[in-house]
Amino acid sequence: GDWGASAWDVSLTQNVELAAGKYMLSAISRASGDVALTIFAGENKTTMPSIGAAGGLFDRGWNISSVEFEVNANSTVTIGVQGVTSVIHNWMSFSDFKLVLIESYAVKVAKAELLEAINEAKAIDTEGKNGAKELATAITVAEGVYNNEEATVEGVNTAKSDLAAAV
């Protein structure tokens, strides 16, 4: 923006290539009270506080804001911040941008395949058959991996392989 301009609309953006998943973009910011600030990722956006140079979470007007968004397939997403004002001598500042993967969809896909394998294994009639105990153990282990919030793709795939071997 131009300090002497009576109005401005400034965006700071970056195009990022992201894998499918759920993400959160955050930034610390401050601005004159007459500046409309937003943080955005693709079509998702959140209003950021504009309270001048006093108060705020980190004092001197600094606050943190975030926006969550989902990417359904590997793609490029435009992320950034925007400030808009119609008043002369306004200002804005940004710091500490962070882009965090909240949930990988690769794990979701692997878990869906594991659940299908668990259900198929449970449907097998094992009464009086050799290997029944081993299959029951493999099912229990696979269910534990499936229910683990912190499971990795590798861990899920190992559980699926171990279950297949027990079948």
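For the orientation of helix pairs, I count angles over 145 degrees between N-to-C directions as roughly antiparallel. The model I examined is predicted.

**Entry 1: α2 and α3**

I looked up the packing of α2 with helix α3 (residues 153-166) and found an angle of about 165 degrees, the axes being 9 Å apart. I therefore record α2 and α3 as roughly antiparallel to each other. Their crossing is left-handed. On the α2 side, I listed Glu134, Leu135, Ala138, Ile139, Ala142 and Val145 as making the contact; from α3 come Gly155, Val156, Ala159, Asp162, Leu163 and Ala166. By class, I noted 9 nonpolar residues, 1 polar and 2 charged in this contact.

**Entry 2: α1 and α2**

I then turned to helix α1 (residues 105-122) and helix α2 (residues 132-147), whose axes come within 10 Å and cross at roughly 155 degrees. This pair is therefore roughly antiparallel as well. I noted that α1 passes α2 in a left-handed crossing. α1 contributes Lys111, Leu114, Leu115, Ile118, Ala121 and Lys122 to the contact, while α2 contributes Leu135, Ile139, Ala142, Glu143, Val145 and Tyr146. The contact of α1 with α2 holds 9 nonpolar and 3 charged residues, with no polar ones.

**Entry 3: the largest pocket**

Finally, I looked up the largest pocket, which has a volume of about 290 Å³. I found 14 lining residues, with Glu103, Ser104, Val107, Lys111 and Glu149 nearest the centre of the pocket. At least two residues of the lining come from each of β7 (92-104), α1 and α2. I recorded the lining as 6 nonpolar, 3 polar and 5 charged residues.

Notes:
Residues numbered from 1 in each chain as written. Predicted model: local features only at pLDDT ≥ 70, side-chain atom pairs only at ≥ 80, totals over all residues. Heavy atoms only, no water. Axes fitted to C-alpha atoms, helices over the stretch in contact; angles between N-to-C directions. Helix = DSSP H or I, 4+ residues; strand = E, 2+ residues; numbered from the N terminus. Parallel < 35°, antiparallel > 145°, perpendicular 65-115°, else oblique. Left-handed = near helix turned anticlockwise from the far one by under 90°. Contact = heavy atoms within 4.5 Å. Nonpolar A, V, L, I, M, F, W, Y, C, P; charged D, E, K, R; others polar. 1 Å grid on protein atoms, 1.4 Å probe; cavity = no way out; pocket = protein on both sides within 12 Å on 5 of 7 lines; lining within 4 Å. Points joined across faces, edges and corners; volume = space filled by probe spheres on them.
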